[in-house]
Amino acid sequence: MNIAQMRPAGTLTAEDLGTVHMIGIGGIGMSGLARLLLTRGIPVTGSELREWPALAGLRALGGVIHMKHEAANLDGVDTVVYSSAIPRDHVELVEARRRGLRVLHRAEALAAAMTGRRTIAIAGTHGKTTTTSMVTLTLQQAGLDPSFVIGGELSEVGSNAHHGTGDYFVAEADESDRSFLLYRPYVSIITNIDVDHLNTYGDFAGLAAAFTDFARLTDPEGFVVACADDPGTRQLAATLRAEGRRVFTYGEAEDADLRLSDLSASVRGVRYLAALDGRPLGEIRLPVPGRPLGLNSAAAVLTALKLGLPLECATQALAAFPGVRRRFERKGVADGVQVYDEYAYHPTSITAALQTLREVAAGGRLIVVYQPYRVYRTRDLQDELAQALAIADEVIMMEVFGPGEERRPGEGGVALTAAIPLPDDRKIFVESWDDVPAEVVRRARPGDLVVTMGAPPISMMGDELLAALAARAAGAAPRDREVDQPGGAG
């Protein structure tokens with residue numbers, strides 16, 4: 001079944017799913033849904049091949065995790081959930097269909113969990129996770145206890161999902177496979193529309209049309225929030241307004257409904273002045289770095305105000321915003337080297353992240369350990385990725401992480417490394433996961449900043465880098481050890 005053949009869950013609820021089995025349960029999207037279902041009292045099992053960080057928490061909630069993919073995992077199961085990363089011939093998918101079990105894409109199962117709630121769905125090429133987190137924290141500050149599923153963990157609470165008692169359900173809406181068209185939001189937030197997922201849409205026009213279709217699914221009694229600074233979302237807003245739909249915009253543009261001015265960002269955080277329909281709202285501050293976070297926060301402020309919440313709920317939540325794991329996440333310091341982790345994998349987000357991290361490096365060199373995410377993106381955007389990575393002083397490249405994709409000759413990490421406009425001694429392709437820590441030890445000097453960046457598995461590399469650097473400081477060489485490269489899907 002492909003996304004185009006799917007239908008919204010309708011009256012199907014999470015409780016109707018029975019015992020749920022999730023293929024590739026360790027990925028951030030699948031683990032968030034699993035956590036949500038478990039906290040609703042729904043039995044969940046799952047299969048994985050490697051020990052992802054989220055699995056321990058799922059087990060603590062009562063989840064049963066099988067560390068092998070096999071047909072026997074489906075015994076006693078009513079519904080099987082998969083993600084777009086799972087191939088059609090996966091042993092458990094084949095067995096589920098043979099047994100006649102209910103088989104749902106992750107988005108269909110999430111839509112079922114939203115039934116009966118007012119959904120706030122956040123879409124966009126960049127900024128979905130931080131915007132979703134900010135909206136969630138604002139609603140929590142207002143005492144509304146929303147349910148949420150976020151594509152990253154809130155640093156403060158260490159969770160990417162929660163089953164709340166309130167009326168609202170906040171969730172990211174994934175455009176990569178058209179699955180965001182399964183939702184029926186009360187509020188739709190669209191942060192930006194940038195070139196990506198051309199394997200799905202063919203060209204930018206197809207991508208932009210899908211975002212417009214998503215926005216049109218918004219409840220007539222609700223509204224759409226869009227960025228006035230991004231050309232794609234600006235055109236979307238104009239189209240929807242011409243159709244008589246309720247649309248509110250934010251940004252630095254003079255005609256934005258919520259206008260930002262005097263926006264500044266530093267290693268200490270972000271600040272700006274806000275005005276709604278020309279009425280000053282005062283200063284808004286965030287304690288985390290990154291200029292794009294200012295725009296993300298404005299989306300949360302505008303949404304809160306249009307929902308009738310006091311401005312203070314948004315400003316107080318944002319002033320205490322703890323950040324999201326894998327978004328400028330500081331892993332630690334060893335032998336005078338700072339180690340960060342960052343999820344950015346698209347040229348636009350890589351550029352923004354590295355520009356911010358260069359400020360954080362404060363004169364030290366910036367070294368990137370990059371794991372490309374998806375074969376098609378690495379191929380289609382190779383030149384743009386190479387230019388973005390060249391912001392760093394040195395680049396350590398790994399092979400592409402692309403579950404379910406076939407990499408043809410001439411595609412992948414070697415080709416991308418060659419395309420980076422840096423001298424050969426400042427870039428290197430490292431094929432083996434196990435060899436990366438030693439390469440970082442060889443290159444990094446006290447005062448430098450090393451960031452692991454890209455696909456989900458690379459988030460597990462930071463601790464290994466810190467251990468290797470600490471061993472160097474102690475005068476010991478990094479120990480050789482057999483470690484499977486983390487993987488999984490979802």
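Mentor: Start with burial: buried means under 20% relative accessible area, exposed over 50%, and partly exposed in between, with a 1.4 Å probe and protein chains only. This is a predicted model, where local features need pLDDT of at least 70, side-chain atom pairs count only at pLDDT 80 or more, and totals for chains, interfaces and linings use all residues. Residues are numbered from 1 along each chain as its sequence is written, and side-chain values use heavy atoms, with hydrogens and water left out.

Trainee: Why is Ala362 called exposed?

Mentor: Its relative accessible area is 67%. That is over the 50% cut-off, so Ala362 counts as exposed. Ala362 lies in the loop between helix 11 (347–361) and strand 18. Helices here are DSSP runs of H or I with at least four residues, strands are E runs of at least two, and both are numbered from the N terminus.

Trainee: What makes the phi of Ala362 worth a remark?

Mentor: Phi is near 50 degrees, a positive value in a residue other than glycine. Asp335 also has a positive phi, of about 50 degrees, although it is not a glycine. Asp335 sits in the loop between strand 16 and strand 17.

Trainee: Leu302 is in helix 9. What makes helix 9 mostly covered?

Mentor: Twelve of its 15 residues are buried. Among them are Leu293, Asn296, Val301 and Leu302.

Trainee: How do you know how the span of helix 9 compares with the expected one?

Mentor: The expected span is 1.5 Å times one less than the number of residues. Helix 9 (residues 292–306) reaches 22 Å from its first C-alpha to its last, close to the expected 21 Å. Helix 16 (residues 461–473) reaches 19 Å, close to its expected 18 Å. Gly308 follows helix 9 with a positive phi near 85 degrees. Gly475 follows helix 16, also with a positive phi near 85 degrees.

Trainee: What covers the buried residues of helix 16?

Mentor: The cover includes strand 16 (329–334), strand 17 (337–342), strand 18 (366–371), helix 15 (436–443) and strand 21 (449–454). Glu464 is one of the residues buried there.

Trainee: Why are helix 5 and helix 10 called oblique?

Mentor: Helix 5 (residues 128–141) and helix 10 (residues 311–319) cross at roughly 120 degrees, with axes coming within 8 Å. Under 35 degrees is roughly parallel, over 145 roughly antiparallel, 65 to 115 roughly perpendicular, and the rest oblique. The pair is therefore oblique.

Trainee: Which residues meet there?

Mentor: Met134, Leu137, Thr138 and Gln141 in helix 5 meet Cys313, Ala314, Gln316, Ala317 and Leu318 in helix 10. By class, that contact has six nonpolar, three polar and no charged residues.

Definitions and conventions. Axes are lines fitted to C-alpha atoms, for helices over the stretch in contact, and angles run from 0 to 180 degrees between N-to-C directions. Contact means heavy atoms within 4.5 Å. Ala, Val, Leu, Ile, Met, Phe, Trp, Tyr, Cys and Pro count as nonpolar, Asp, Glu, Lys and Arg as charged, and the others, Gly among them, as polar.
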